[in-house]
Amino acid sequence: MGKSIVAINASPRVKWNTAQLVRAAASGAEDAGAQAEVVDLYQLEPFMGCRSCFACMTEKRFGRCAIKDGLTETLDKIAEADGLILGTPNYFGRPTAGFRALYERLLFQHLTYDTAKFSSNERSIPVLFIMTSNAPAEGYDQLGYTAMIDEHVQALNQFIGPTTSFVSGNTLQTDHYDKFNWTLFDAEAKQQRHEEVFPQELAQVRVLASQLFA
């Protein structure tokens, strides 16, 4: 039986850039012989972030989040998975609120506050962290986004497993720029990039995932 990979689209949109990249990465994992399940985070039942109950630090629930809501099943699947794909758009310089709720619950359950062993997680699995944004990837250093991604990668490294990041910038936000007074953008250039460059990124992330989850 092949490896089990959980692929999470943390965008509220289920057919656009982030969702497509997550599904391409899931296909890459399947190319390597794994079984991949895609979860559209915003389609789940209502869920919350960490509520700081510390139940995951007690003997009864050690290392496992105790909250029962729309994230519970997904967290259980990740706990048994052999790899994890996380994809999120960049909203105001950070991942989405839905991603943040998952991120808090996923990582905090493994935090021990024990200097001898800071993380309770004993199943290190590879992680692919995908971020999309309207901002071009070339501007990430100047905008502070590179540091933000590094922060997430480091935390995922510590609590989940070795993490690789993939960025798709300057993405197409809508098929109807003419409906909005968005004078900041060159709609034709955006569309051209989407048609010429984005398919290459889909191919790249698929290959990357096939290598990570082989």
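Trainee: Where do the numbers and values come from?

Mentor: Residues are numbered from 1 along each chain as its sequence is written, and side-chain values use heavy atoms, leaving out hydrogens and water. As this is a predicted model, local features need pLDDT of at least 70 and side-chain atom pairs count only at pLDDT 80 or more, while totals for chains, interfaces and linings use all residues.

Trainee: Why is G144 called partly exposed?

Mentor: Buried means under 20% relative accessible area, exposed over 50%, and partly exposed in between (1.4 Å probe, protein chains only). G144 has 32%, so it is partly exposed. Its place is the loop between α4 (140-143) and α5.

Trainee: What makes β3 a mostly covered strand?

Mentor: Seven of its seven residues are buried. On one side sit G83, I85, G87 and P89, and on the other L84, L86 and T88. In a regular strand the side chains alternate between the two faces of the sheet.

Trainee: How do you know that β3 pairs with β4?

Mentor: Strands (E, at least two residues) are DSSP runs, numbered from the N terminus, as are helices (H or I, at least four). Two strands pair if DSSP finds at least two bridges between them. β3 and β4 have six, in the parallel sense; for instance, L86 has F129 in β4 as its bridge partner.

Trainee: What about β1 and β3?

Mentor: Five bridges join them, and they run parallel.
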